[in-house]
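Trainee: I would like to learn how to read this structure. Please take me through the features one by one.

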Amino acid sequence: MKKPFKTSIHASVWGPRWDIAGIGPTLDAAAAIGYDHVVIPLRTFDGVDPPALAREFTRRGLIPLNTTGLPADCDIGDRSNAVRDRGIARLSTAVSMARDMGSSQINGVLYGPLVRATGPAEPAAFNRAADALATVAQHAVSAGVRLAV
């Protein structure tokens with residue numbers, strides 16, 4: 001019987017190895033339990049092979065989803081154009097990687113660094129982050145990847 005809903009689980013439930021060398025057992029376990037999706041965190045990009053991950057997911061009938069975030073030196077609400085540009089580039093790379101591994105969605109704190117806030121964001125920072133996300137969203141639309149903020 002077909003389930004009336006889709007289920008997902010984060011790859012880290014099985015451990016820290018979700019790269020191509022370590023993802024097999026995680027995907028096997030998720031498929032055996034009946035999950036539809038496995039969430040792959042895109043915290044770092046080094047060593048990530050999206051086409052190889054896509055093959056591993058397809059082999060098991062699973063679909064990847066992704067999470068990502070921004071370090072402080074990539075804050076898209078920052079006053080510095082250089083910092084904002086790094087954030088836009090980082091999020092755009094995550095979108096491309098998600099697309100290339102067969103993912104249709106990236107979740108996470110995409111609008112600023114995940115740190116303890118000292119207070120509410122100033123309106124100008126909020127507007128800068130919104131403008132930057134609009135730029136990333138254009139790439140995401142063309143890549144077929146939803147940004148879930």
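Predicted model: local features only at pLDDT ≥ 70, side-chain atom pairs only at ≥ 80, totals over all residues.

Mentor: Start with the terms helix and strand: helices (H or I, at least four residues) and strands (E, at least two) are DSSP runs, numbered from the N terminus. Residues are numbered from 1 along each chain as its sequence is written, and side-chain values use heavy atoms, with hydrogens and water left out.

Trainee: Is F5 buried, partly exposed or exposed, and which cut-offs decide?

Mentor: Buried means under 20% relative accessible area, exposed over 50%, and partly exposed in between (1.4 Å probe, protein chains only). F5 has 49% relative accessibility, so F5 counts as partly exposed. F5 and D36 are 31 residues apart in sequence, and their C-alpha atoms are 9.3 Å apart in space.

Trainee: How many helices and strands are there, and in what order do the elements run?

Mentor: The protein has four helices and five strands. From the N terminus on, the order is β-α-β-α-β-α-β-α-β.

Trainee: How do the strands come together in a sheet, and what is the order?

Mentor: Look for pairing: two strands pair if DSSP finds at least two bridges between them. Here the five strands form an open sheet, in the order β1-β2-β3-β4-β5, with parallel pairing. β1 (8-10) and β5 (146-148) stand at the edges with a single partner strand each, so one side of each has no neighbour in the sheet. Neighbouring strands are turned by 30° against each other on average, direction ignored. For such angles, axes are lines fitted to C-alpha atoms, for helices over the stretch in contact, and angles run from 0 to 180 degrees between N-to-C directions.

Trainee: Which residues face each other where β1 and β2 pair?

Mentor: β1 and β2 (residues 37-41) pair in the parallel sense over three bridges. H10 stands opposite V39 in β2. I9 has V38 as its bridge partner. The chain crosses from β1 through α1 to β2, and this β-α-β crossover is right-handed. A crossover is right-handed if, with the strands pointing away from the viewer, the path from the first strand over the helix to the second runs clockwise.

Trainee: And where does β2 meet β3?

Mentor: β2 and β3 also pair in the parallel sense, over five bridges. P41 has T67 in β3 as its bridge partner. The path from β2 through α2 to β3 is a right-handed β-α-β crossover. V39 stands opposite L65 in β3. On to the next pair: β3 and β4 (residues 105-107) pair in the parallel sense over two bridges. There N66 stands opposite I106. β3, α3 and β4 make a right-handed β-α-β unit.

Trainee: Why is β2 described as largely enclosed?

Mentor: Five of the five residues of β2 are buried, so the rest of the structure largely encloses β2. Both faces are covered: H37, V39 and P41 are buried on one side, V38 and I40 on the other.

Trainee: Which residues of α2 are buried, and what covers them?

Mentor: An α-helix has 3.6 residues a turn, so residues three or four places apart point the same way. In α2 (residues 50-60), the buried residues are P50, A52, L53, A54, E56, F57 and R60. Their cover includes α1, β2, β3 and α3. Just after α2, G61 takes a positive phi of about 70°.

Trainee: Where does G69 lie, and is G69 buried or partly exposed?

Mentor: G69 lies in the loop between β3 (63-67) and α3 (81-101). G69 is partly exposed, with a relative accessible area of 22%. Leaving aside neighbours within four places in sequence, G69 is in contact with R90 and V109.

Trainee: What share of the whole protein is buried?

Mentor: Of the 149 residues, 43% count as buried.

Definitions and conventions: Contact = heavy atoms within 4.5 Å.
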